[in-house]
Structure formats: structure tokens, C-alpha cells
Amino acid sequence: ARSKTREARARGITPLPISPLPLSSPVYRRRSQMSHRKFERPRHGSLGFLPRKRASRHRGKVKSFPKDDRSKAPHLTAFLAYKAGMTHILRDVDKPGSKAHKKEVVEAVTVLEAPPMVVVGMVGYVETAKGLRALTTVWAEHLNDEVKRRFYKNWYRSKKKAFTNYVKKYADGQKDINAELERIKQYCQCVRVLAHTQIRKIKVGQKKAHLMEIQVNGGDLAAKVDFAAQMFEKQVPVDAVFAKDEMCDVIGVTKGHGYEGVTTRWGCSRLPRKTHRGLRKVACIGAWHPAKVQYSVPRAGQNGYHHRTEMNKKIYKIGKGAEENNATTEFDLTEKSINPVGGFPHYGLVREDYLLLKGCVVGPRKRVVTLRKPLFEQTQRNAVEEVTLKFIDTSSKFGHGRFQTLEEKDKFMGMRKKASI
């Protein structure tokens with residue numbers, strides 16, 4: 001056979017392969033590679049979220065702000081809101097080519113209450129080889145008690161002396177303050193404002209405001225500093241940061257579930273019914289060697305209360321708390337507010353500005369969540385689609401709600417025992 005192959009090559013004829021099998025066949029696989037398995041078996045649970053432990057902070061931390069574009073005007077890039085509950089909406093889909101195009105769809109939405117935030121300071125950062133380093137912090141002259149509570153463990157026992165010495169810098173024509181602002185303009189490359197929520201405007205059982213740094217993007221550094229300084233002690237509404245049909249990222253801490261086993265925590269299969277010493281377990285936690293339990297083996301432990309970032313959630317509506325009928329649409333002219341009949345369970349009534357976000361949001365009710373502008377410009381069809389809401393459901397969320405308003409319920413049910421008392 002070899003001599004015939006040599007003769008064929010000498011004549012310029014390409015000989016046919018001796019074996020009809022392709023080179024990708026397991027026959028040609030090196031012995032060091034693993035053999036095939038009969039059934040596919042992906043692992044349970046992602047290792048990308050290790051370690052699954054309780055979050056070190058209650059408020060979601062922005063670990064990356066969007067990249068600065070100096071061609072735009074100075075603007076803020078994040079906001080804080082409180083989760084009130086969920087409802088559903090009805091809208092027409094505008095997606096040519098889709099089967100749902102020009103058809104009505106019902107989608108779940110989350111209601112976030114977002115009272116205006118108050119800017120109380122500014123931080124200037126210098127870029128170093130190891131990352132950003134805070135150069136200086138400038139505070140406003142007047143601070144509310146709700147943000148001063150953030151600097152105390154026990155407010156009512158304290159002497160409440162915070163910032164009493166700092167205020168003296170504003171006495172002599174604020175020379176020291178202006179000098180610090182000039183330092184920021186001269187040396188810094190990044191400016192962030194210190195803003196806090198007005199937690200007394202909502203009923204979440206807390207008096208201590210949440211304080212966070214929000215990066216200022218757009219414009220040169222001097223414009224950023226001037227923009228931040230003129231916002232001191234002023235309220236910033238949510239529609240000054242976000243707009244309808246815009247995408248945003250949601251950062252928060254998930255609902256805690258305590259210590260749980262492998263079946264719930266990792267999604268492992270239950271063992272057969274007759275298994276000795278329990279069946280909600282991992283059958284084998286490893287080989288004899290290596291003589292240790294590997295990190296990738298599912299184990300029981302903390303489940304929930306993890307820090308998570310969910311990207312690209314669409315804002316369906318930004319409602320104003322000052323408007324009485326802030327859930328009325330062009331198609332549904334019923335005079336009603338966003339609050340369902342009986343209020344949101346375990347939350348109450350939404351009286352301030354609110355956002356409707358598509359889908360769910362991490363955390364339980366009353367949990368503070370951080371909304372951040374998307375890290376990249378969104379050009380997908382979902383992101384650029386204009387959403388027109390036809391109906392927002394305000395029936396009771398406690399049981400099977402039938403009525404959109406109390407007036408509608410009274411009209412249908414007539415005089416009831418409770419009303420006659």
C-alpha cells in the first residue's frame with residue numbers, strides 16, 4: 001500500500017486517505033484527553049457568584065460609573081429609590097417582524113418610590129497608578145438631621161455636634177471653601193457629589209437617610225465643580241437624572257433567606273426516597289484524593305442577602321407624586337393613582353415620585369435600590385422602542401383584586417356593614 005502511495009505522489013496524483021473517518025473522530029483523539037460520557041450533566045448553580053455570603057452593606061454600591069463623555073453637559077449618573085411592590089401593565093408591542101407586533105401584551109412591572117435627593121457635598125478624586133484617590137471633600141453649609149443621623153450610632157444620646165465646627169468655614173465669606181474648590185479644579189480628574197435621600201417623606205420605618213456618592217459626567221472639570229457647587233442644599237428629582245423609555249442598571253441586596261441546604265441553595269437533585277440519613281443532600285462530596293472538599297462542591301450555607309447588579313432594565317414610566325391621578329393613561333381615563341386598592345402590601349401608599357421598571361427588582365419591599373445609568377449606550381430594539389402604556393393595574397394586591405378603585409367597588413357592592421357603622 002505504501003509503494004502505491006509513493007507511485008501516485010510521483011505522478012502528481014493526490015492519494016485518497018487510507019481511513020474514511022474524519023480527523024475529528026474519537027479514534028484519533030490523544031489518550032490524555034477525557035473520554036466521552038454517555039449523558040450530559042451540567043453542574044448545579046453558578047460558581048461566578050462565590051462566595052455566597054451576606055452582603056457587607058445594605059445599600060447597593062456602584063462599583064463602576066459610566067465612562068465620562070466631556071462633549072455632553074454635566075449631569076448625574078445615579079439615583080436612590082425604594083421598592084414599593086409590583087403590578088402589571090398593558091401595552092402594544094412595536095417590533096416589526098415579531099409575532100407580537102401591533103398586539104397587546106401584559107407585562108409585570110416594579111414600582112419604585114423615588115423622592116427627590118438632596119446634594120450636601122462634593123468629593124474630588126485624583127487618578128493614581130493604583131486607582132482613584134480622594135483629594136478633598138467639601139460639604140454644604142446646612143445639613144438636615146436625617147443625614148446627620150448617618151454619622152451616629154445612637155442619635156438621641158449624642159450631643160449632635162456634627163458639622164458645628166465645619167460651618168464656621170462659611171462665616172468669613174467662605175474663603176476656605178472656595179480654596180478647596182479651586183484645589184479640586186486644579187488637581188482632580190473626577191468629581192462626585194454627596195447626595196442623600198429624604199427618607200422622612202416615605203414610610204419605611206427609618207429616620208436615617210441613605211447617603212451616596214454620585215459621579216458627575218460631562219463637561220470639563222471646572223464645569224463639573226461649578227455644576228456640583230450650585231446644587232448644594234438643592235433637591236434633585238428623579239426625572240432630572242432618568243427619562244422615560246431609558247435603560248438603567250439596578251444595584252441592590254437580594255432578599256435574605258438565612259441558612260439553607262444544598263437543594264434550595266444550589267438546585268441539586270433530591271436523592272431517592274429510601275436514602276439513609278436524608279435525601280436533600282449531595283451524594284458524594286469528593287474523591288479520596290485530593291483529601292479535601294473542593295470549593296466547587298455544593299454545600300449548605302447562607303442563601304440570599306447577596307449584593308447583585310442587574311443591567312438594562314427599561315423605565316416604562318416616571319410618575320409625579322404631586323399629580324392626583326398619576327396612573328391614568330390616554331386609553332384608560334379612570335381617575336386613579338398608582339396605589340392599588342388597600343395600598344401596596346407591607347409598604348403602604350406611594351405619595352412621592354415613582355418609577356415603573358419592567359420586570360422584577362432585587363430585594364424585599366422597603367429595600368433601598370441604586371439606579372445607575374447604563375455603562376454602554378444601548379442600541380437594541382428593546383432599548384430604543386417607545387413604550388405607550390394603555391393600562392396600569394391598580395386592583396388590590398392582597399388576594400384576587402377585582403376593582404381598580406374604591407369608588408368602583410362601592411358602586412358594585414353597594415352599602416356594606418363596615419360603611420354603615
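**Strand β4**

I started with β4 and found it mostly covered: ten of its twelve residues are buried. I note that this is a predicted model.

I then looked up its partners. β4 runs antiparallel to β5 (residues 131-139), and eight bridges join the two. They form a hairpin, with two residues between the strands.

Next I checked β6, residues 190-196. Seven bridges tie it to β4, again in an antiparallel arrangement. Tyr125 stands opposite Cys190 on this side.

In soluble globular proteins, nonpolar side chains tend to be buried together.

Leaving out residues up to four places away in sequence, I listed its contacts: Val193, Ile214, Gln215, Val216, Phe227, Met231, Val236, Val241 and Lys373. Val193 falls within the range of β6.

**Ala84**

I moved to Ala84, in strand β2 (residues 78-92). Is it buried or exposed? Ala84 is buried, because its relative accessible area is 0%, and the cut-off is under 20%.

I then asked what packs against it. Beyond residues up to four places away in sequence, Ala84 touches Val111, Phe344, Tyr347, Val350 and Arg365. I also checked a distance to Gly343, which is 259 residues away along the chain. The C-alpha atoms of Ala84 and Gly343 are separated by 9.7 Å.

**Glu352**

My last entry is Glu352, which sits in the loop between β12 (307-319) and β13 (354-358). Glu352 is buried yet has no salt bridge. Why does Lys201 not count as a salt-bridge partner? Lys201 is the nearest side chain of opposite charge, but it is 4.4 Å away, and the cut-off is within 4 Å, so no salt bridge is counted.

I also listed the contacts of Glu352, setting aside neighbours within four places in sequence. They are Glu113, Pro115, Pro116, Lys201, Ile202 and Gly321. Lys201 is thus on the contact list of Glu352, although the two form no salt bridge.

Notes
Residues are numbered from 1 along each chain as its sequence is written. This is a predicted model: local features need pLDDT of at least 70, side-chain atom pairs count only at pLDDT 80 or more; totals for chains, interfaces and linings use all residues. Side-chain values use heavy atoms; hydrogens and water are left out. Helices (H or I, at least four residues) and strands (E, at least two) are DSSP runs, numbered from the N terminus. Buried means under 20% relative accessible area, exposed over 50%, partly exposed in between (1.4 Å probe, protein chains only). Contact means heavy atoms within 4.5 Å. Two strands pair if DSSP finds at least two bridges between them. Lys and Arg count as positive and Asp and Glu as negative; His and the chain ends are not counted.
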